[in-house]
Amino acid sequence: MIYGSLIGLRAIEKNDLNILREWRNNPEYRKYFREWKEITEIEQLNWFDEITRNKTNSIMFSMIDLHTKELIGCCGFNYLNWVTKS
């Protein structure tokens, strides 16, 4: 876990997936996301398996409110290129 003064970042856990998919599929939220289409539970499980097995070009985090321990978001670094350091 990476601690700030109000929030913490930790690895995404399987029990985060339902709420993350809910947010992702909400049209009001989705208009701000890079991805434009809804995802299914199977698509999300495939994504989760990929980010937990293959940590070469993406590092993803769950954002946690440190006072309530509630999941408040998701963030990450994507398309990392370790050769060009970009």
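A word on what you have on screen: it is a predicted model, in which local features need pLDDT of at least 70 and side-chain atom pairs count only at pLDDT 80 or more, while totals for chains, interfaces and linings use all residues. Residues are numbered from 1 along each chain as its sequence is written, and side-chain values use heavy atoms, with hydrogens and water left out.

**Around N25**

Stay on N25 and colour by secondary structure: the residue belongs to helix α1, residues 17-25. Helices (H or I, at least four residues) and strands (E, at least two) are DSSP runs numbered from the N terminus. Now show the partners of N25: leaving out neighbours within four places in sequence, N25 is in contact with R30, E38 and I39. Contact is taken as heavy atoms within 4.5 Å.

**Zoom out**

Next, bring the whole chain into view. You will find 3 helices and 4 strands, in the order β-β-α-α-α-β-β along the sequence. Along the principal axes, the C-alpha atoms fill a box of roughly 40 × 35 × 25 Å. Of the 86 residues in the protein, 26% are buried. Among contacts with a separation of 6 or more, 48% are between residues 24 or more positions apart.

**The core**

Which residues make up the largest nonpolar core? Select I12, L17, L20, F48, I51, M60, I64 and L71, 8 residues in all. Three elements, α1, α3 (41-53) and β3 (58-65), each supply at least two residues of this core. A nonpolar core is a set of buried Ala, Val, Leu, Ile, Met, Phe, Trp, Tyr and Cys residues joined through side-chain atoms within 4.5 Å.

Centre on F48 while you are here. Not counting residues up to four places away in sequence, F48 touches I12, E13, K14 and L17.

**The salt-bridge network**

How many salt bridges does a search of the whole structure find? The search finds 7, where a salt bridge is a side-chain nitrogen of Lys or Arg within 4 Å of a carboxyl oxygen of Asp or Glu.

Select R10, E13 and D16, which are linked in a network of salt bridges. R10 and E13 meet through their side chains at 3.8 Å, N to O, and the closest N and O atoms of D16 and R10 are 2.8 Å apart. Is R10 buried or exposed? R10 counts as buried because its relative accessibility is 17%. E13, at 36% relative accessibility, is partly exposed.

D16 deserves a look of its own. It sits in the loop between β2 (7-10) and α1, and D16 counts as buried because its relative accessibility is 4%. Beyond its neighbours within four places in sequence, D16 is in contact with R10, A11, S62 and L71.

For another salt bridge, go to R34 and E35, whose closest N and O atoms are 2.7 Å apart. R34 is exposed at 53% relative accessibility, while E35 is partly exposed with a relative accessible area of 28%.

**The aromatic pair**

Now show the rings. The count comes to 1 aromatic pair: F61 and F77, edge-to-face, at 6.4 Å centre to centre with 85° between the planes. F61 lies in strand β3 and F77 in strand β4, 16 residues apart, and the pair links distant parts of the chain. Rings of Phe, Tyr and Trp (its six-membered ring) pair if their centres lie within 6.5 Å; planes under 30 degrees apart are stacked, over 60 edge-to-face, and the rest tilted. F61 counts as buried because its relative accessible area is 15%.

**Last stop: a nonpolar patch**

Finish in strand β4, residues 71-78, by selecting I72. I72 is partly exposed, with a relative accessible area of 40%.

Definitions and conventions
Buried < 20%, exposed > 50% of the residue type's maximum accessible area, 1.4 Å probe, protein only.
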